[in-house]
Amino acid sequence: MTRALDAVRARAGQALFARVAGPEGPRNRQRIHGTPGPRWFEPGSPIHRVHGDSSMFIGGLSALLLQSLHPVAMAAVAAHSGYRGDPWGRLQRTSTFLATTTYGTAESAEAACARVRAVHAGISGVTTQGTPYLASDPHLLLWVHVAEIDSFLRAHQEFGARPLTSGECDVYVDQTAHIAGALGVPDPPRSLDSLRRCLDGYRGELRCTREAIGTTRYLLFKPPVPLAALPFYAALATNAVALLPGWAASELRLARSAPVDRWLVHPTGHAVTGLIRWVMGEGPGATA
């Protein structure tokens, strides 16, 4: 019985890893974790714990929903991102970037950030409201960063195997600031309080646009996942919504109920992240 269960676990883990990391996943994992050399971050540090936990599945989805509320950033994503035409490819590139910058050598992390900066340098456009934009705009990059890090941290504190202490939350924000700086953000927040203040500072710019509605409905109601995986994805998606700040959920016209979130939604989130954690195994980088 144990041997059969282990076989099921191994097959499920391989299938999930292949979806998240792509066909180059095994080779990238070996390169990221097996290449000797100095790293940006110490093993076991807060960024290792957060980015290696299955709560990232919820945090990442919640971050996409939150980020969609910036009309200029959302216009750039809608025009230039492959999230619809190649959603799995985008996920795989993102997971590889996170794994490389979190766990890889300092040299490979610098190279990964340089590649992203080069891509951003070639992206520009005009929103449907006539506002010009550059993907390399530090103000937009900062929004993407703080929305992402706040979502990752919220998810980890709710669903992570080992939630961070308040001091470790500050360390996590400070560590992620190193990556943000390498991507071209001039002054990223370096503590939890400054992260929350920075996020609040964008409130006046945020609104629900047609592109935001389209992205939200696509992610929540038309996900590119196999039929058999839909119940698991639904649990991740409902928890991603529940994780949003209340004002963000309201702006995106997503219904929320505190009692439902507490007694129904969050338990499913804990169950699914626990299942993913069991399937993928413990340890840093298990999900990337």
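## Basis of the model

The structure is predicted, so local features need pLDDT of at least 70 and side-chain atom pairs count only at pLDDT 80 or more, while totals for chains, interfaces and linings use all residues. Residues are numbered from 1 along each chain as its sequence is written, and side-chain values use heavy atoms, with hydrogens and water left out.

## Aromatic pairs

A pair of aromatic rings is described by the distance of the centres and the angle of the planes. Here, rings of Phe, Tyr and Trp (its six-membered ring) pair if their centres lie within 6.5 Å; planes under 30 degrees apart count as stacked, over 60 as edge-to-face and the rest as tilted. A search of the whole structure finds two such pairs. One joins Trp 40 and Phe 41, and because the ring planes stand at 75° with the centres 6.2 Å apart, the pair is edge-to-face. Trp 40 and Phe 41 are both buried; buried means under 20% relative accessible area, exposed over 50%, and partly exposed in between (1.4 Å probe, protein chains only).

The other pair is formed by Trp 143 and Tyr 202, which are 5.3 Å apart centre to centre with 50° between the planes, a tilted arrangement. Trp 143 belongs to helix H8 (residues 138-159) and Tyr 202 to the loop between helix H10 (192-201) and helix H11 (210-221), so the pair ties together parts 59 residues apart in sequence. Helices (H or I, at least four residues) and strands (E, at least two) are DSSP runs, numbered from the N terminus. Trp 143 and Tyr 202 are both buried.

## Charges over rings

A charge sits over a ring if NZ of Lys or CZ of Arg is within 6 Å of the ring centre and within 35 degrees of the ring normal. The charged end of Arg 29 is placed this way over the ring of Phe 17, 4.2 Å from its centre. The charged end of Arg 203 sits over the ring of Trp 247, also 4.2 Å from the centre.

Arg 203 is found in the loop between H10 and H11. Arg 203 is partly exposed, with a relative accessible area of 39%. The C-alpha atoms of Arg 203 and His 70 are 9.1 Å apart, although 133 residues separate them along the chain.

## The nonpolar core

In soluble globular proteins, nonpolar side chains tend to be buried together. A nonpolar core is a set of buried Ala, Val, Leu, Ile, Met, Phe, Trp, Tyr and Cys residues joined through side-chain atoms within 4.5 Å. The largest one has 73 residues, of which Trp 143 and Tyr 172 touch the most other members. H8 gives the most to this core, with eleven residues.

Contact means heavy atoms within 4.5 Å. Apart from neighbours within four places in sequence, Trp 143 is in contact with residues including Leu 66, Gln 67, His 70 and Tyr 202.

Helix H4 (residues 56-67) has twelve residues and reaches 16 Å from its first C-alpha to its last, close to the 16 Å expected. The expected span is 1.5 Å times one less than the number of residues. Ten of the twelve residues of H4 are buried, so H4 is largely enclosed by the rest of the structure. Among the buried residues of H4 is Ala 63, at 3% relative accessibility. Not counting residues up to four places away in sequence, Ala 63 touches Ala 147, Glu 148 and Ser 151. Ala 63 and Phe 152 are 89 residues apart in sequence and 7.4 Å apart in space, C-alpha to C-alpha.

The twelve residues of H11 should span 16 Å, and its end C-alpha atoms are 16 Å apart, which agrees. Buried residues of H11 include Glu 211, Ile 213 and Tyr 218. What covers the buried residues of H11 includes H4, helix H5 (71-80), helix H6 (87-103) and H12.

Asn 239 is in helix H12 (residues 230-243) and is buried, with a relative accessible area of 0%. A polar atom of the Asn 239 side chain lies 2.8 Å from the backbone oxygen of Ala 235. Thr 127, in the loop between strand E1 (124-126) and strand E2 (132-134), is buried, with a relative accessible area of 7%.

Most residues other than glycine have a negative phi. Arg 253 has a positive phi of about 60° although it is not a glycine. Arg 253 is found in the loop between helix H13 (246-251) and helix H14 (258-280), and is exposed, with a relative accessible area of 57%.

Terms used:
Polar contact = N/O pair within 3.5 Å; in protein donor to acceptor, adjacent residues only side chain to side chain.
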